Amino acid sequence: MEMSRILTGASILITFTLLVSSVSAHNITKILAANPEFSTFNHYLTTTHLAEEINRRETITVCAVDNAGMSELLSKQLSIFAIKNVLSLHILLDYFGAKKLHQITNGTALAATMFQATGSAPGSSGFVNITDLKAGKVGFGAEDNDGTLDASFVKSVKEIPYNISVIQISKILPSPIAEAPTPGPAEVNLTALMSKQGCKVFADLLVSSGAYATFQATADGGLTIFCPMDDPMKAFQPKYDNLTDDGKIALLTFHGLPTYNSMQMLKSSNGVVNTLATDGGKNYQFTVQNDGESVTLKTKAVTAKITGKLIDEEPLAVYTINKVLLPKELFKKALAPTPAPAPAPGKAADSPKGDKDENLAPEPMSPDGEPADQAADDNGSVRSSGGRWVSVVLGVWLAAYLL
């Protein structure tokens, strides 16, 4: 009887653990990486930042085309912004697995796409017509292409009902609207913008250090800048002056992300992020966290808060922050625990409660004078408290069950 209870409890625990571990976000890049015939399509999803948008969605269908189909698209020599529009037309904002494609109500459906969601597609041009044809075939066509079903369903690549479906279609969907010449982002003088909005010290340091070139080179493909206001930058100036030239560039580029992030994106995708200073591995990273409408940026040495927005027009976003971001790679001494002071003479180890705190080491302080953040590990990654608490709760429950 006792052994039966143990086995039953263990079975429930294992089942629950598997259910918890199965609830995870999809990753379109990894899904397509397992299929080399979609390597070009996968590359351009990453280059246009559509992969990040796909991964943020909870219900999505990706209509992938193979390398030959992508070669046909690339031969048109479209700008990267027009290519993004075309590929956006191949991302449906609904779940269409192989079974559903053959069970479409009334045989046809008009599916909204990510291109339509951008607001750049006038009228119904951002929709795709899906029609269940005879002999088990399914046709696809851009709505602004006179209703022509140019492509057909080839196979299912990956289905996670009802989260993501990745299917292959025979060719790229022609769309005059999506392929129309698309202007690049307006030329923005970043230093002038920051200088006029209270971030002149940071802007001047970008120019004098040479780090500004890195920001400029990234802007067209997607860039997010967190700009410390003048007061915290002035207070930090003596520490900045003590850095080496390479250290100064690393610190400044630590304030930029090589991707576009709207405020809503920052709120919905908390976690560790790479910066312009990251050079492979897990160096020069920080953690984005939100508490309601407030968004904070955490390193091991400091926690800064986003206080305002200078510009948010894809592919560029610039926000102001109330503190200088300090990477652990440059400020390790500030993160080292302070040794506990020796016990005062004549005091026993079991001194009264009122004396206990005298033997505790003070909390490490950041260069800005606030407690160092200890939530990240030595590689800059955040330890997940959610999984730890699930384990604790399950352990307590199982122990109670077995008693």
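Trainee: What makes strand 8 count as mostly covered?

Mentor: In this predicted model, six of the six residues of strand 8 are buried. Buried stands for a relative accessible area under 20%, and each residue of strand 8 falls in that class.

Trainee: Which residues of strand 8 cover one side and which the other?

Mentor: Leu223, Ile225 and Cys227 are on one side, while Thr224, Phe226 and Pro228 are on the other, and they are all buried. In a regular strand, side chains alternate between the two faces of the sheet.

Trainee: What about strand 9: how many bridges join it to strand 8?

Mentor: Two bridges join them, and the strands run antiparallel. The cut-off is at least two, so strand 8 and strand 9 pair as well. Here Ile225 stands opposite Gly256.

Trainee: Now to a helix. Why is Leu206 called buried?

Mentor: Leu206, found in helix 11 (residues 200–209), has a relative accessible area of 0%. The limit is under 20%, so Leu206 is buried.

Trainee: Which residues beyond its neighbours in sequence does Leu206 contact?

Mentor: Leaving aside those within four places in sequence, Leu206 is in contact with Met194, Ala211, Tyr212, Phe215 and Leu252. Contact here means heavy atoms within 4.5 Å.

Trainee: Which residues of the largest nonpolar core touch the most other members?

Mentor: Of its 45 residues, those are Ile28, Phe41, Leu45, Ile54, Leu87, Ile130 and Phe140. Not counting residues up to four places away, Phe41 touches Leu32, Val62, Cys63, Ala64, Val65, Asn67, Met70 and Leu87. Apart from that core lies another, of 32 residues, including Ala211, Met233, Phe236 and Ala301.

Trainee: What lines the second largest pocket?

Mentor: The second largest pocket, with a volume of about 710 Å³, is lined by 19 residues, of which Glu52, Arg56, Thr259, Val272 and Val273 lie nearest its centre. Helix 4 (50–56), helix 15 (263–268) and strand 10 (271–274) each give two or more residues to the lining. The lining divides into seven nonpolar, 10 polar and two charged residues. Glu and Arg count as charged, so Glu52 and Arg56 belong to the charged class.

Trainee: And for the protein chain as a whole, what percentage of residues is buried?

Mentor: Of its 403 residues, 42% count as buried. The secondary structure comes to 18 helices and 14 strands. Among contacts with a separation of 6 or more, 63% involve residues 24 or more positions apart.

Technical notes: Residues numbered from 1 in each chain as written. Predicted model: local features only at pLDDT ≥ 70, side-chain atom pairs only at ≥ 80, totals over all residues. Heavy atoms only, no water. Core = buried A, V, L, I, M, F, W, Y, C linked by side-chain atoms within 4.5 Å. Buried < 20%, exposed > 50% of the residue type's maximum accessible area, 1.4 Å probe, protein only. 1 Å grid on protein atoms, 1.4 Å probe; cavity = no way out; pocket = protein on both sides within 12 Å on 5 of 7 lines; lining within 4 Å. Points joined across faces, edges and corners; volume = space filled by probe spheres on them. Helix = DSSP H or I, 4+ residues; strand = E, 2+ residues; numbered from the N terminus.
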